[in-house]
Amino acid sequence: MVKYSKDGVAMTNKSGSVLWNQTYEMASPTMTSAGDYVAVGDIGANTIYIFNEYGQLGRVSTDVPIQEIQISEQGVVAAVLSDTSSNYINLYDKQGNSLGSIKASLENTGYPLAIALSPDASKLAVSYLIVKSGSMQSRIVAYDFFRCGGRPSAGYAGTGRIISKGSVS
């Protein structure tokens, strides 16, 4: 079991004994897990920690504040980063090394509302919010890193339902 707070993260076994712990200071921590991997990031700040059952594997320091994180069963982390003019979806390996970045501008692609990473990290779905002429639209874009080299491989745009974090999985 993994427990996290503003002060740190720890993994315990079934009897409650601590297997490992990591201290940090985060104002707004969030955790995501898949398979044997866990990522803890500070929303609105710039740090992500990556762990497995044995402890910390990597650490990411971003230049732009974190808005959302997801981790794959392979330990790849996808992070939505936002500043005043552009948004980025960055990918990192389990050691925290950059694998690539997708730039999302409010004028062209829209604001990324939610992301979903495939278990093997080969595909990424992004729900973008677009505001044009006073109306809001959702755009779902699928990126296929294996077949299309990270370029969009499929997309859907519509004016009906706005697809947000709770509805993308």
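Visitor: How many residues lie between strand 1 and strand 2 in their hairpin?

Guide: Three residues lie between strand 1 and strand 2, which form a hairpin. Strands here are DSSP runs of E with at least two residues, numbered from the N terminus. The model is predicted: local features need pLDDT of at least 70, side-chain atom pairs count only at pLDDT 80 or more, and totals for chains, interfaces and linings use all residues. Residues are numbered from 1 along each chain as its sequence is written, and side-chain values use heavy atoms, with hydrogens and water left out.

Visitor: In which sense do strand 1 and strand 2 pair?

Guide: Two strands pair if DSSP finds at least two bridges between them. Strand 1 (residues 2–4) pairs with strand 2 in the antiparallel sense, over three bridges. Opposite Lys3 stands Ala10 in strand 2.

Visitor: Which residues of strand 2 point one way, and which the other?

Guide: Gly8, Ala10 and Thr12 point one way, Val9 and Met11 the other, and all are buried. Buried means under 20% relative accessible area, exposed over 50%, and partly exposed in between, with a 1.4 Å probe and protein chains only. Strand 2 covers residues 8–12.

Visitor: What is the bridge partner of Thr12 in strand 3?

Guide: Thr12 has Val18 as its partner. Strand 3 (residues 18–23) and strand 2 pair in the antiparallel sense over five bridges. Their hairpin has five residues between the strands, and Gly16 in the turn has a positive phi of about 95°.

Visitor: Where does Ala121 lie?

Guide: Ala121 is in the loop between strand 12 (111–117) and strand 13 (123–132). Its phi is near 65°, a positive value in a residue other than glycine. Ala121 is buried, at 13% relative accessible area.

Technical notes
Helix = DSSP H or I, 4+ residues; strand = E, 2+ residues; numbered from the N terminus.
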